[in-house]
Amino acid sequence: MTASSHTIQDEVMESPKRRGRSKHRLRGSRDSIVQITDKHTKSLLRERDAQIASLQNEVSLLKNKIANLSSSNSGVYDGLFKKTRRQLTPYGTTLRVSTSKNQRRLCVERSQMGRNASIATAAVLDSLSHSDPLLSSAGASADSTHRLIERIEAMFRAPSDHVGYLKSADFAKDLLRLNKKVRGILEEESRCVFLQSPAYVFGDIHGNLEDLHFFSDNIWNLGMGLTAGNFVFLGDYVDRGMSCLECVAYLLAMKLNLPQKVFLLRGNHETRDVNGWEEHYGPRSFIYQCRDRFGDELGYKVWEATNQTFDRMPLSAVIDQDVFCVHGGIPRPISDEKVVGGRIRDILNVPKVAGINPPYEHEEEAYQQVASDCIWSDPASEEQERQTVDRESGYGDSLRGGGAICFGHKAVTNFLAQQGFSYIMRAHEAHAEGVAVSKGARVFTVFSTSKDHNQGNNAMAGCILIDFEKMQVINRSPAYRNQYVHRRDSVSIAMLSEAEVAERVKLGLITADSHAEDDEDQEVEEEEWEEFDEDDPNTSRDYSSGDEADYVLDGRRKSSVDPSMTMASPPESSHDNHDVSMDGEHYNGKKANIHPKKIDFSGVDSSNRRMNHLGGLKFTSISEANEEEEEDEESTVNGDEDETMEPFEDAHCSVTIDGV
């Protein structure tokens, strides 16, 4: 063994203290260190392992001693080893006078400041409400309104559980209260409302509770109040469907609850001449359902009160100063188009209470024409563009008839340029795909009911989300299954009696091939009805600024459009007349043929279209996943006939629409 090796071995075997003192010598003489043999290395590791084990045993013994001392002297050591956490909530003291057995004494109550303040505030407000009749009335009215909205929402969520309520006078009273409260809110709105995106735009509902539930379950599942964005409904809430009262009640309740978030525009079915046409629509007319549900007298009161609400609905809306929303289409100008405001100014000048069909005595003919154009007009077909549309104005007579008009490319271009808008969003025409595009992708037609319009069993209901720089289409696929409306042969209703099935058929909760006749007339207790006072502030608060007697319908004047002479849609469109087939598959005795269609944009001139202020895409695609849906279940967009629908592209936009 060399001298160097001997030196290193001696240093390794030294005590820990000596190794510490000589450590610096080892660091300074690394060049003289040689490799230790395996035997010496193992010996060194065993020595260190023994030292570590000894120290671990000492730590365990100390922990045991501390635990024993803590358990035997918890009071002494709590302050040493545990710090008490104190809540930061302040406490307050409430003094109150207690009277018992003719003796008065002062009671002191100590409680957390939050609860204490709440109790004190509630006590003060309670005393004020009892001393001030106005505050008491306002509080009772607010509470009554809240309970009214809760009843309507509960009915909408589970209509099958509220069959008795839906056929009762209580529901009729709630409808009268609801109409009276909402009328004032609508009357305060302008005839053209302005709002910001994001906004969901819905087309015709037509008493279809099933499709309205679809949108509720998939768009505002947490409630409209907790869903980002606004909600714009383009009209036609009644007629054709069997659940007109339920749909109207729910939409009016949402308007009452969220007046700055829900916007209800007026359609042509929100007029007395149309929704009162019982001879034509039969059991599917709004007035028939009111009278059949509540009896002739009370049913007529509900129908008239609802129409008074319809008279106050806005005619149009503008989203982001870029998208014009209306039920039918753009109105003809009645003033110089160079005047600031143009057609929007004409709409704003329409009276806030307008009957339209028929008109009130105070309605001027010019503004009655503006209102009629908004709710009745249609985009012109290509054949009309070539033959009947005036080349100067861009307007012509609609094939719908009855005095209705159509608007062509020229009218659309002039309107968008005059107002500085980019797109028109409208409803009024049924489409099996839920959404259709026309006039160079500048006019969108939205239809939000898939039934009662002869579109076949594969028809879809659609809506459009406008979200600043993009638009997204959401469709209900035919594969979607609901839990609210059932077929007559459904297993879900197998346990119901024939009487219960008949009731649900009349309410639209069970679909049938024919309308079930109810031999028992609805009876309304007179004494129960007399208890309801529309002028009682505890049952209804009147927001209206004027008296309803000030508005008188003029039966002698002719409306701009005669509904009895019109067809539901122009010939060769989705549905040609008012005849309704109960099974939804036949149309005038012929099988409904729904073919995918293609839009040709090769000849579209987009030079006059306003670019989005951010630039870039105006549309994006949306795909709503459904695991049970087949891959070939997609929505399409109507356009020219007899061609296959494909996604389209032009200079500024691209759209792909997928079904839900």
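A nonpolar core here is a set of buried Ala, Val, Leu, Ile, Met, Phe, Trp, Tyr and Cys residues joined through side-chain atoms within 4.5 Å; buried means under 20% relative accessible area, exposed over 50%, and partly exposed in between, with a 1.4 Å probe and protein chains only. The model is predicted: local features need pLDDT of at least 70, side-chain atom pairs count only at pLDDT 80 or more, and totals for chains, interfaces and linings use all residues. Residues are numbered from 1 along each chain as its sequence is written, and side-chain values use heavy atoms, with hydrogens and water left out.

- Leaving aside residues up to four places away in sequence, Trp220 touches Phe202, Leu212, Phe215, Thr227, Phe231, Phe233 and Tyr250, where contact means heavy atoms within 4.5 Å.

**Cysteines**

- The count of disulfides is zero, a disulfide being a pair of cysteine sulfur atoms within 2.5 Å.
- Cys192 is in no disulfide, and the nearest cysteine sulfur, that of Cys374, lies 8.6 Å away; Cys192 is buried, since its relative accessible area is 0%.
- Cys244 is likewise in no disulfide, with the nearest cysteine sulfur, that of Cys247, at 7.0 Å; the relative accessible area of Cys244 is 0%, so this residue is buried.

**Sheet β9-β11-β10**

- Three strands form an open sheet of mixed pairing, in the order β9-β11-β10; two strands pair if DSSP finds at least two bridges between them.
- The edge strands, β9 (378-379) and β10 (395-397), each pair on one side only.
- Strands β9 and β11 (residues 405-407) run parallel and are joined by two bridges.
- Asp378 has Cys406 in β11 as its bridge partner.

**Ala228**

- Ala228 is placed in the loop between α9 (209-218) and β5 (230-233).
- Ala228 counts as exposed because its relative accessibility is 58%.
- The C-alpha atoms of Ala228 and Ala199 are 8.5 Å apart in space, and the two residues are 29 residues apart in sequence.
- Not counting residues up to four places away in sequence, Ala228 touches Pro198, Tyr200 and Lys261.

Methods:
Helices (H or I, at least four residues) and strands (E, at least two) are DSSP runs, numbered from the N terminus.
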